[in-house]
Amino acid sequence: MNKVNRRQFLLGGVAAGTAATLGTEHIRRSRAKARQAAIDAYVAEFYDPDDLIQSSVTEDIRMAEEFQAIQAAAVFPPPPIPYNRAISKRLILLSRLSTQQYITGRNDPSYDGNLKQLFDYAPSLDQYRVVTHFRGKERQVNDNIEIQVPQALIDDPTLLKDPTALDQTLIQTEEAIRAGITAVVKVGRTIEAFYGFLLESDEDSILVLRGTQRIAEWIGNIYAVQQDYLHPQTGAKLGRIHQGFRGIADTIINPPVVETMRQINPNKPCYLAGHSMGAALVTLLALDIALAVPQIQPNLQVYAYAGPRVGDPEFARSYAKIVPNSFRVTNMADPVPTLPPTKLQSEFVHVGENWAFLTQAGDMLPNHSVDTYRRAVEADVETNQIRNFPLSGTA
């Protein structure tokens, strides 16, 4: 009897506790509902839904006008040396070759960078000698590789995360390998990837850096945090620049581009060109070179194809003074030249005289492709004149 009473007592306590909790929750919700109703009633006295809609529309217009004002402030005098169509054709071809060089090297470990082995190499380039090839470390991962794994690794799978440790363990003894079991693992290795090249002929020099080819590089492209650009000799601030591009230029490309430029004749025209990420890198490195190797500065000319924005308005003003002979070629249907946004946390503007064309292939990648730019340049359709397109809904 006592056990029954005790059980009833406990069940009654649980029921009472549950009821109390539900009651408290009901009161909390009722109070919250009443409080929200009071807020809504207060807001209704001062705000009309039409006002909120108008405010949102006005804010969009205000932001668009602000962006246009920022961009308009970054317009500079025409370059002293005019845009050269013949040179542009050569540079966009070399930009295409830099992409082919990267792809070939990534898939053929024996490839030494020879440009003549590439599909689009042209005999007109025979006049150039290669001063150097630029390389950079790249992490390559091969998924789902079936190998014989020693039992010790199966017992401690964390070792598989380190491909170096994996290689060392696998070659310790033949007996250890035979004692293993078959497993599917992710094996990675670091390779030397091509980033571009420096060429020189009797007439001129050409530095070309390739465009974006990997997901990690795209992530670096959109990592739009800025850092100060400091004059290498005086330490003076020349504006703020994209931190991701600065990191690639400083820590990945080998040999260092600026030091390599000391090997060429500074008295000849020196062209810097690149597509996509390569355009951003040569833009940034052109300023580095002009400041570090001043004897080359008067002969520097930059041709940037499909390049994103690199720095803020102060950087653009500094750049226009130091590297005035700069051109950027853009497809008006390509979204990459509109990145990073003109203003997010920081302000970004373009440098160089804009030469544009319009090729709408229906998607981002074909609109951005180096082949699309090459076809346009070969057809002489790029222009620095304002194009008047019909505006929908206007008289």
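This is a guided tour of one predicted model, stop by stop.

**Whole chain**

Start with everything shown. The chain carries 13 helices and 9 strands. It has 395 residues, and 42% of them count as buried. Colour the surface by element next. The accessible surface comes to about 22100 Å², and carbon and sulfur atoms hold 56% of that. Now consider contacts along the sequence. Among contacts with a separation of 6 or more, 80% are between residues 24 or more positions apart.

**Helix α3**

Select residues 85-107. This is helix α3, with 23 residues. From its first C-alpha to its last, α3 reaches 34 Å, close to the 33 Å expected at 1.5 Å a residue.

A side-chain oxygen of Asn84 comes to within 3.0 Å of the backbone nitrogen of Ala86.

Then move along α3 to Gln100, which is part of this helix. Is Gln100 buried or exposed? Its relative accessible area is 6%, under the 20% cut-off, so Gln100 is buried. What does the side chain of Gln100 reach? It meets the backbone nitrogen of Phe119 at 3.3 Å.

**Strand β8 and Thr330**

Select residues 326-331, strand β8, and pick out Thr330 within it. Thr330 has 8% relative accessibility and therefore counts as buried. Its side chain makes a polar contact with the side chain of Asn354, at 3.1 Å. Setting aside neighbours within four places in sequence, Thr330 is in contact with Pro337, Asn354, Trp355, Ala356, Phe357 and Tyr373.

**The cavity**

The largest cavity has a volume of about 140 Å³.

To centre the view on the largest cavity, select Thr283, Ala304, Arg328, His350 and Val351; of its 20 lining residues, these lie nearest the centre. Next, colour the elements around it. At least two lining residues each come from α10 (277-292), β7 (300-305), α11 (313-322) and β8. Which element gives the largest share of this lining? That is β8, with 4 residues.

**The largest pocket**

The largest pocket has a volume of about 1100 Å³. It is lined by 36 residues, and Val75, Arg328, Gly352, Glu353 and Asn354 are the closest to its centre. Elements giving two or more residues to this lining are α2 (49-72), α11, β8 and β9 (353-357).

Some selections carry over from earlier stops. Arg328 is among the residues nearest the centre of the largest cavity, and Arg328 is also among those closest to the centre of the largest pocket. Asn354, the polar partner of Thr330, is another of the residues closest to the pocket centre. Both α11 and β8 supply at least two residues to the cavity lining, and both give two or more to the pocket lining.

**Two cis peptide bonds**

Go to Asn254 and Pro255. The peptide bond joining them is cis, with omega about 0°. Pro255 sits in the loop between α8 (243-251) and α9 (257-261).

Then jump to Leu339 and Pro340. The bond from Leu339 to Pro340 is cis as well, with omega near -15°. Where is Pro340? Look in the loop between β8 and β9.

**Two positive phi angles**

Select Ser276. Its phi is positive, about 60°, although Ser276 is not a glycine. Ser276 belongs to the loop between β6 (270-275) and α10. Its relative accessibility is 2%, so Ser276 counts as buried.

Finish at Ala306. Here too phi is positive in a residue other than glycine, with a value near 60°. The loop between β7 and α11 holds Ala306. Why does Ala306 count as buried? Because its relative accessibility is 0%.

Note on methods. Residues numbered from 1 in each chain as written. Predicted model: local features only at pLDDT ≥ 70, side-chain atom pairs only at ≥ 80, totals over all residues. Heavy atoms only, no water. Buried < 20%, exposed > 50% of the residue type's maximum accessible area, 1.4 Å probe, protein only. Contact = heavy atoms within 4.5 Å. Areas by Shrake-Rupley, 256 points an atom, 1.4 Å probe, with all protein chains shown as cover. Expected span 1.5 Å × (residues − 1). Polar contact = N/O pair within 3.5 Å; in protein donor to acceptor, adjacent residues only side chain to side chain. 1 Å grid on protein atoms, 1.4 Å probe; cavity = no way out; pocket = protein on both sides within 12 Å on 5 of 7 lines; lining within 4 Å. Points joined across faces, edges and corners; volume = space filled by probe spheres on them.
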